[in-house]
Amino acid sequence: MRVWPIFKKEMRLYFTSPVAWVVFTMFLLIGGYFFYSIFAFYTLASMQSAMNPAMGRDLNVTDSVMRPLFSNISVILLLLMPLVTMRLFAEERRSGTIELLLTYPVRDGAVLAGKYLAAFALYAIMIALTMLYPGIVVYFARLEWGPVLTGYLGLLLMGGTFIAVGVCASSLTENQIVAAITTFGVLLLLWVLGWSADYAGGTAGRVLQHLSLLEHNDSFAKGVLDTKDIIYYANFIVLALFLTLRSLEARRWNG
Amino acid sequence: MIEVERLTKHYGPVAAIRDVSFNVAPGQIVGFLGPNGAGKSTAMRILACFMPASSGRARVAGHDVLSESMEVRRRIGYLPENVPLYTDMRVAPYLDFVAEVKGVPRSDRKRRVADVMDRCRVADVQNRLIGKLSKGYRQRVGLAQAIVSDPEVLILDEPTIGLDPKQITEIRSLIKSLAGQHTVILSTHILPEVSMVCSGVIIINKGSIVAQGPIDTLVEQFFPTARVEVEIVGPPPAVRERIRAIAGVLSVQDLAAANGASRFVVEAARDRDVRSEIFQMAAQQRWELLELKRVGMTLEEVFIRIVAGEEAEEAPRS
């Protein structure tokens with residue numbers, strides 16, 4: 001399997017074109033703003049409770065800063081990740097480079113793995129940059145590292161799912177905008193699916209709840225590691241990548 | 001080296017190629033010739049393992065393109081039409097990527113990339129973005145990526161399209177230099193290119209092969225006659241009569257005449273050289289012979305005759 005050269009090529013393309021830099025900048029800009037407002041609000045709340053200690057019982061920096069931060073970051077990702085993944089196959093198809101790529105002695109699976117891992121690596125770098133925020137928090141307050149780490153694990157798993165869906169959508173079209181909108185639509189729908197669980201009730205409600213992307217992410221941020229959630233994301237990734245492979249093969253037959 | 005047997009490819013109900021069969025011997029350069037839309041690119045895409053055929057078999061370098069696709073892909077260099085390259089990459093890293101993905105060992109890679117950049121004359125732009133290069137340079141980068149792994153078989157789809165005459169000559173001599181160690185199949189619709197570069201030719205029209213073989217054989221096959229062009233100062237009807245009277249002459253055609261001279265194209269059996277007799281005749285009649293030359297039959301004429309002949313055959317039906 002020649003995954004490594006494909007991975008390197010994709011990373012090079014992300015970084016020689018402005019894509020990676022623009023994504024990093026915008027992500028940190030919005031993420032930084034969210035962090036600042038959450039942290040400032042928490043500062044205000046702790047100042048008030050310093051004056052009135054009875055109110056301060058439930059103040060927990062991990063739960064009141066990091067958890068909302070993670071959930072805000074996932075919303076940014078929902079908007080941003082389709083733009084990172086849309087080019088992976090659609091651009092190659094549009095420019096015709098896929099014809100060369102798919103006639104090199106690499107299996108479709110290796111091409112897919114290289115591309116997926118490159119997008120994932122870009123994402124991991126992006127997420128790693130946000131470690132600055134807990135770094136700032138820990139300078140002022142005592143942070144529980146457990147929930148922070150599981151929160152990051154949750155973000156990685158969820159981002160991996162986003163990327164898998166994005167790669168799949170990108171393999172279906174030669175239009176990058178179509179790929180981005182499809183990815184965004186699918187992800188948003190899966191995101192809000194849980195909302196209807198309450199009034200659907202019963203088994204249907206539980207199924208909807210289980211399918212929701214959001215639902216599974218929250219427990220990570222709380223510091224809960226549940227195999228159910230990990231398996232959910234893993235399943236999702238495997239399914240989306242499998243469909244991508246099928247779509248690549250179908251495209252070969254249709255020319 | 002390339003064996004193709006009854007290859008057919010359907011796009012929906014439309015057959016892009018139908019029952020195409022041919023062989024290419026090792027070390028040969030074969031031209032794949034046909035008008036636009038004849039099915040050249042489809043055939044090459046199948047050989048390059050980009051898409052499978054609907055039916056039929058193709059073997060490249062001894063391996064089946066469908067069941068042993070990886071083995072085939074390791075042994076070919078492919079240049080698709082329109083030369084798709086990563087416009088956001090620089091030339092040297094791009095070629096290094098191709099070499100790596102094609103399995104050139106790490107220790108060899110730097111040397112091979114440098115070597116191939118020299119051969120294709122792209123060394124002076126190696127640090128430029130491919131998207132900023134001129135068409136000629138891109139074409140050469142495309143060729144460089146095809147030969148960087150030193151493959152046994154090269155599949156080049158319209159390698160000289162869109163180049164200026166000087167670049168065309170360079171690319172042609174580069175391709176010619178590949179003969180011997182590499183088997184090359186190249187498609188083109190520029191006829192002189194085939195006669196200049198290739199040893200054999202496959203003519204394809206509307207998805208089917210209409211003629212194939214060494215160029216000389218094809219010319220003989222489609223033009224069993226030899227032609228001579230004559231320019232004589234003399235009364236045209238009388239001159240025509242005299243020439244026609246020469247044994248072996250099959251037909252005499254008028255060409256545009258000037259300054260009292262008349263020009264004719266004389267067609268005679270291939271094994272007969274009528275030039276000396278024409279000279280004798282002119283001398284006897286005391287007509288001034290201004291020009292007398294043999295006219296070579298070009299591949300272009302073969303091609304036009306084949307393609308036009310097919311269309312004439314089909315015309316009554318439609």
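I began with chain B, where strand β1 (residues 2-11) pairs with β2(B) in the antiparallel sense over seven bridges; I take strands as DSSP runs of E of at least two residues and helices as runs of H or I of at least four, numbered from the N terminus, and two strands pair if DSSP finds at least two bridges between them. The model is predicted, so I note that local features need pLDDT of at least 70 and side-chain atom pairs count only at pLDDT 80 or more, while totals for chains, interfaces and linings use all residues. Residues are numbered from 1 along each chain as its sequence is written, with chains lettered from A and ligands numbered from 1 in the order in which they are written.

The open sheet has four strands in the order β2-β1-β4-β5 (chain B), with antiparallel pairing. Because β2 (14-24) and β5 (63-64) of chain B are at the edges with a single partner strand each, one side of each has no neighbour in the sheet.

I found I171(B), I175(B) and L178(B) buried in α6(B), where buried means 20 or more other C-beta atoms within 10 Å of a residue's own, exposed 12 or fewer, and partly exposed in between, with C-beta atoms placed from the backbone. The face turned away from that buried side carries the exposed residues P165(B), K166(B), S173(B) and S177(B). After α6(B) comes G180(B), with a positive phi near 100°.
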